Amino acid sequence: MTLSPDEIILFVVWGVPLNATIFHTWIVMGVLTAVSLLITRKLRPDVPPNRWRTALEVIVQGIQSQIEEITEGPSRHLLYFVGTLFLFVAVSNLMLVVPGFEPPTSSLSTTTALALSVLVAVPLFGITSRGLGGYLKTYLEPSFIMLPFNIISEFSRGISLAIRLYGNIMSGAVIAAILLTIAPFFFPVVMDLLGLLTGMIQAYIFAILATVYISSATAPKHASTT
Amino acid sequence: MSIDWLTVAAQLVNFMVLVWLLKRFLYRPILDGIDAREAEIAERMQVAVRAKEVAKVAEAEYRAQVSTLQSEQASATDALRHQAEQEKDTLLAEAHDRIERERKAWQTHLDEEGRTFTAKLHHAGGHALLELTRKALRDLADEPLEARIAAHLARQIGSMDAELQNAAGTPDEAVVTSHGALPKPIQDEVTAELRHRFPDIDLRFDTDQTQAHGLVLQIGGAQLAWTIDTYIDGLNDLMADQLMTATEQRA
């Protein structure tokens, strides 16, 4: 039994092994892009919105309102980043129910990559908002004694993000696999339903924490959160 | 639980690509569409607000016009009512005048009819009374009526000798008028009686169809007469008394 889809090699292209994590990530990307393209391709101001476009608007505006509640101001760049995080994690976790689909989020490599993205995004948004000096000064707050702790805090955020998401999704998938071997008729369905719920919650938590980290780096009055 | 750093790098690239793809095909179109729709809604609301203001102004104008029209209508109605009342009064006055004229004309016509009827009644009654008297005289006394009339006139002349002479003065001519021509013996009798009182007078006998039956003697300024009219008047009074008595008894 493999615990990570990284170990499942599906193809070898020009000598490069293509594992299940990358392949299923492409599937998720393709689904998201195709759905977006299909719904928004005939989007014109003079055409009244249909139910699909309305659903998409509800999702996008929901993400935007959540971000605005935390950052106390609109930010499209933050929406692009955090919204993509949420949608990618959510769709990956929802596709858990598709037979044969290995959620990329059950791979520690994926969650690490996402956590690294957040880890890089925090200083980028912070520098954009406060300037380089202003951002670096936050590491000395409230006192220069806190500098090492702030640096450790910064990295521990990324690690906690990665481990939390990976642990939850991987454990759900592993438990479902184990139950499938013990009681293949009823419990896997219940666990899959639970996995869907857990996956959506984890996507929400991941996106919200990323927003909080970035907003703490951008908003001068907000204290950093661990 | 291991990390494949090649996969991590690939996932980082994949994530960046996904951010770009969703930004290109999801967020921008959706948010731009929402912004455009909000702008359109805001523009429509501004247009609606302007239209509402214009409508309010127009409403105020129309209300003022309606108020003016109502006041004009009220004054016009009052004027028309006043004119109608004047016309009604005029028409009523004209109608009253016309009715009064017609009533007077009718009354005149009735009076004329009454007079005509009375005259006819006088004439018919006189004629009937005369014929009855003549027949009664002939049956009872075998004497013509005209002879009795002439005798009556002669008695009057005799009884009123002095008064008649004073009233007549010194006349040259006397005229005896009757309804029809008098018989010769009666003319002679009247002539003899008159010549006895007025020896030098010329006597002439005339007839007048409009005069009642009887004799009328005109001497100068004096006049002696006996006609049936006096009896007809008495007969009318008698009939009126009888009619009134009958009416009272019936009541």
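Reader: How much of chain A is buried?
Author: Buried residues account for 36% of the 226 residues in chain A. A residue is buried if 20 or more other C-beta atoms lie within 10 Å of its own, exposed if 12 or fewer, and partly exposed in between, with C-beta atoms placed from the backbone. This is a predicted model, in which local features need pLDDT of at least 70 and side-chain atom pairs count only at pLDDT 80 or more, while totals for chains, interfaces and linings use all residues. Residues are numbered from 1 along each chain as its sequence is written, and chains are lettered from A and ligands numbered from 1 in the order in which they are written.

Reader: What is the secondary structure of chain A?
Author: Chain A has 7 helices and 2 strands. Helices (H or I, at least four residues) and strands (E, at least two) are DSSP runs, numbered from the N terminus. Along the sequence, the pattern of chain A reads β-β-α-α-α-α-α-α-α.

Reader: How do strands S1(A) and S2(A) run, and how many bridges join them?
Author: Strand S1 (residues 9-13) of chain A is joined by 4 bridges to strand S2 (residues 16-19) of chain A, and they run antiparallel. Two strands pair if DSSP finds at least two bridges between them.

Reader: What do S1(A) and S2(A) form?
Author: They form a hairpin with 2 residues between the strands, and Trp14(A) in the turn has a positive phi of about 50°.

Reader: How many residues of S1(A) are buried?
Author: Of its 5 residues, the number buried is 0, so S1(A) lies largely in the open.

Reader: Turning to helices, at what angle do H1(A) and H3(A) pack?
Author: Helix H1 (residues 20-40) and helix H3 (residues 76-94) of chain A pack at about 115°, and their axes are 10 Å apart. Axes are lines fitted to C-alpha atoms, for helices over the stretch in contact, and angles run from 0 to 180 degrees between N-to-C directions. H1(A) is therefore roughly perpendicular to H3(A). Angles under 35 degrees count as roughly parallel, over 145 as roughly antiparallel, 65 to 115 as roughly perpendicular and the rest as oblique.

Reader: Which residues make that contact?
Author: From H1(A) they are Val28(A), Val31(A) and Leu32(A), and from H3(A) they are Leu87(A), Phe88(A), Val91(A) and Ser92(A). Two residues are in contact if their C-beta atoms, placed from the backbone, lie within 7 Å. By class, the contact of H1(A) with H3(A) has 6 nonpolar, 1 polar and no charged residues. Ala, Val, Leu, Ile, Met, Phe, Trp, Tyr, Cys and Pro count as nonpolar, Asp, Glu, Lys and Arg as charged, and the others, Gly among them, as polar.

Reader: Where does Val35(A) lie, and is it buried or partly exposed?
Author: Val35(A) is in helix H1 of chain A. Val35(A) is partly exposed, because 16 other C-beta atoms lie within 10 Å.

Reader: And is Thr111(A) buried or exposed?
Author: Thr111(A), found in helix H4 (residues 108-130) of chain A, is buried, because 29 other C-beta atoms lie within 10 Å. Leaving aside neighbours within four places in sequence, Thr111(A) is in contact with Thr105(A), Ala162(A), Leu165(A) and Tyr166(A). Thr111(A) and Ile163(A) are 52 residues apart in sequence and 7.3 Å apart in space, C-alpha to C-alpha.

Reader: Moving to chain B, what is the strand order in its open sheet?
Author: The open sheet of 4 strands in chain B has the order S2-S1-S3-S4, with mixed pairing. Its edge strands, each pairing on one side only, are S2 (202-207) and S4 (222-227) of chain B. From one strand to the next, the twist averages 15°.

Reader: Which helix packs on that sheet?
Author: Helix H2 (residues 145-159) of chain B does, touching strand S3 (214-219) and S4 of chain B; the direction of H2(B) makes about 145° with that of S4(B).

Reader: Finally, how many residues does each chain bring to the contact between chains A and B?
Author: The contact takes 34 residues from chain A and 27 residues from chain B. By class, the side of chain B that touches chain A has 18 nonpolar, 5 polar and 4 charged residues.
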